[in-house]
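Hello,

I am passing a structure on to you, with some notes on what turned up when I went through it. Please keep the sequence and the 3D view open beside you as you read.

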Amino acid sequence: MYQVLYRKWRPRCFADVAGQEHITSTLANEIMSGKVSHAYLFTGSRGTGKTTCAKIFAKAVNCLHPVDGNPCNECEVCRGIDDGTILDVIELDAASNNGVDNIRDIIEESNFTPVNARYRVYIIDEVHMLSTGAFNALLKTLEEPPEHVKFVLATTEVHKIPSTILSRCQRFDFHRITPEAIAKRVMYVAGQENISLEEDAALLIARIADGALRDALSLLDRCSGSGETITPDVVSSAAGLAQKGYLFSLVDAVRERNVSDAFDLINTLHNNSCDMERLCTELLNHFRNLMIIKTVKNPESLIICVDDDMKQYKEQAEKFSLQSILYCLGIIESGLIALKNSINKRIETEMTVVRLCSPELSEDNSALIQRIERLEEMMKNGVKIEAAPVPKKVVQKEEKEEAPLPPPPPEAQPEEPRTAPTQSNDSSVDMPFTSWGDVIQEIQQTDRPLTGILTGSSAFIRGDHLLIKCDNPTFPQFIKTGIHAAALREAVTKVTGRKYRLGIYRSPDNSQKARDPLAELINKINN
Ligand SMILES: Nc1ncnc2c1ncn2[C@@H]1O[C@H](COP(=O)(O)OP(=O)(O)OP(=O)(O)O)[C@@H](O)[C@H]1O
Ligand SMILES: [Mg+2]
Ligand SMILES: [Zn+2]
């Protein structure tokens, strides 16, 4: 029967546990010198060796011929514990046995001496899941267990453990395992399994696993399915990552502010079933690497990648200023946060890319600095800037004009009032539209992505126009799409019982912002 790699290759002695030497050496020493505590608490993130070390510990304290504090794995006790015929090592999953009764059973049972082994060892996994009552029931026994009882509690969430429990245990914090240590172990397992694995691919696996060896071995499992040599590309596609080349191109597109190239790339990746959240994480990591190259003398120690990639990173970093890298990191980070709750991950990703390409949409300082930098660069390249012409009067009129939507589909047209919006230039008739919330609720039924875009929006009535005020920069583009416009139109009609002409509201203030002097200057340079 096939056993998944991470279970098959669970270390059986402390020496095989990767990256936790500070724990394994202490445990082995304690066992060798016979100074074993009665209760341990193993904490740390998932897949870092907590359960593994608890199992090794349970065998080592009972082993008939321990070797330097390690179990021999050969004596009858070691074998009995391994194959489950010796019942003195008890693993309890607190996630499914979290009640007072479960703990009372343990306490009662712990009064009996072990049958075949020296110690009865209780491994309570996910211990943070115990109920308050169960924790209290455990306190007394944990403080003074019978001579022949040892406890090992394990958890990923130490902050949920009551301090009364914490103070009764010797605590060990398991670290995230370094990429080098993970890569080494993954290479070792691959070697034992006759899986052909390139070193770069092992490093990539290690990076994706983010400190967890279980994740790394699962990924190796997934990659090894085809039986072919595992290259970084195989790892990328098994993990749903964008391949490096795509990332470099995407970042180039951002650098050139080429939204349409960036969208094409996202489209290709999306069609190749690349996970959008992963893509943003990778993009974040990419900019992080650029940041490190910009700021650190020897970036090689902080960036895990092959030489070719490092060369390419360095070339790309040259083209960015540190300021703009920081700006991009900030945008991607907030994009990632929004992505977690987003209904449509692709749209959210596209919105992030639009923001990356268009710092003029943002008003914070880093965006402004970005734009000034671009200006300086253009001037350096010899572009002439002419004196600003006197603003024309016409602008005044533009200020209050609404941008009309594309015409409704032909069948809807007869119902639309065809009169010209005569009042639309008269701001005095802008009335807040109080049923906008109801409209959004309607839209939620028919067009969820649009609901997301409309978050925080409001609307005004101006004559027979309903004007929508939405700060989301993608809104105008979005609403030009037939289905979204139709959904909006339908919802408005349903709520109000009449047909309004729809438009985008620009308050006098906003249009002021739209006529940003910096934007005009840049425009001028471009022309
Ligand atoms: N430090 C490590 N050295 C070698 N292998 C490891 C290590 N940590 C985890 N593994 C591998 O991952 C598998 C799972 O590890 P383990 O069950 O010990 O993780 P854990 O820390 O208890 O995780 P969780 O918090 O999810 O329970 C092991 O079977 C082993 O293959
Ligand atoms: Mg565990
Ligand atoms: Zn043994």
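**Helix α23**

Helix α23 covers residues 482-496, and at 1.5 Å a residue its 15 residues should span 21 Å, which agrees with the 21 Å that separates its end C-alpha atoms. Please bear in mind, here and below, that this is a predicted model. The buried residues of α23 are His484, Ala485, Ala487, Leu488, Arg489, Ala491 and Val492, and what covers them includes the helices α20 (436-446), α21 (448-453) and α22 (475-479) together with the strands β9 (465-469) and β10 (501-504). After α23 comes Gly497, which has a positive phi near 75 degrees.

**The chain as a whole**

If you step back to the whole protein chain, you will find 25 helices and 10 strands, and 36% of its 527 residues count as buried. When contacts between residues at least 6 apart in sequence are considered, 76% of them join residues that are at least 24 apart.

**Around ligand 1**

Which residues are closest to ligand 1? They are Arg10, Gly49, Lys50, Thr51 and Thr52, within a surrounding set of 23 residues. That shell divides into 9 nonpolar, 8 polar and 6 charged residues. Three helices, α1 (5-8), α3 (50-62) and α10 (213-223), each supply at least two residues of the shell, and in terms of domains, at least three residues come from domain 1 (5-174) and at least three from domain 2 (179-238).

The largest nonpolar core holds 109 residues, and the members that touch the most others are Val152, Val186, Ile205, Ala216, Leu219, Leu220 and Val235. Helix α9, which runs over residues 199-209, gives the most to this core, with 8 residues. Taking Ala216 as an example, and leaving aside residues up to four places away in sequence, you will see that Ala216 touches Ile182, Val186, Ile205, Ala206 and Ala209. There is also a second, separate core of 21 residues, and among its members are Phe433, Ile453, Leu454 and Tyr505.

The buried ones are Asp200, Ala201, Ala202, Leu203, Leu204, Ile205, Ala206, Arg207, Ile208 and Ala209, and they pack against α8, α10 and α11 (232-238).

**Two loop residues with positive phi**

Asn194 sits in the loop between α8 (179-192) and α9, and although Asn194 is a residue other than glycine, its phi is positive, near 55 degrees. Is Asn194 buried or exposed? Asn194 counts as exposed because it has 8 C-beta neighbours inside 10 Å, and a residue with 12 or fewer is classed that way.

Asp210 lies in the loop between α9 and α10, and this residue, again other than glycine, has a positive phi near 50 degrees. Asp210 has 15 other C-beta atoms within 10 Å, so it is partly exposed, a class that lies between the limit of 12 or fewer for exposed residues and that of 20 or more for buried ones.

Tyr246 belongs to helix α12, residues 244-255. Once residues up to four places away in sequence are set aside, Tyr246 touches Leu265 and Leu269, and its C-alpha atom is separated by 9.0 Å from that of Ile266, a residue 20 places away along the chain.

Glu318 is part of helix α15, which covers residues 307-318. Glu318 has 10 other C-beta atoms within 10 Å, so it is exposed. The C-alpha atoms of Glu318 and Lys294 are separated by 8.1 Å, and these two residues are 24 apart along the chain.

Best wishes

Technical notes. Residues are numbered from 1 along each chain as its sequence is written. Chains are lettered from A and ligands numbered from 1 in the order in which they are written. This is a predicted model: local features need pLDDT of at least 70, side-chain atom pairs count only at pLDDT 80 or more; totals for chains, interfaces and linings use all residues. Helices (H or I, at least four residues) and strands (E, at least two) are DSSP runs, numbered from the N terminus. The expected span of a helix is 1.5 Å times one less than its number of residues. Two residues are in contact if their C-beta atoms, placed from the backbone, lie within 7 Å. A residue is near a molecule or strand if its C-beta atom, placed from the backbone, lies within 6 Å of it. Ala, Val, Leu, Ile, Met, Phe, Trp, Tyr, Cys and Pro count as nonpolar, Asp, Glu, Lys and Arg as charged, and the others, Gly among them, as polar. Domain bounds come from an automatic or database domain assignment. A nonpolar core is a set of buried Ala, Val, Leu, Ile, Met, Phe, Trp, Tyr and Cys residues joined through C-beta atoms within 7 Å.
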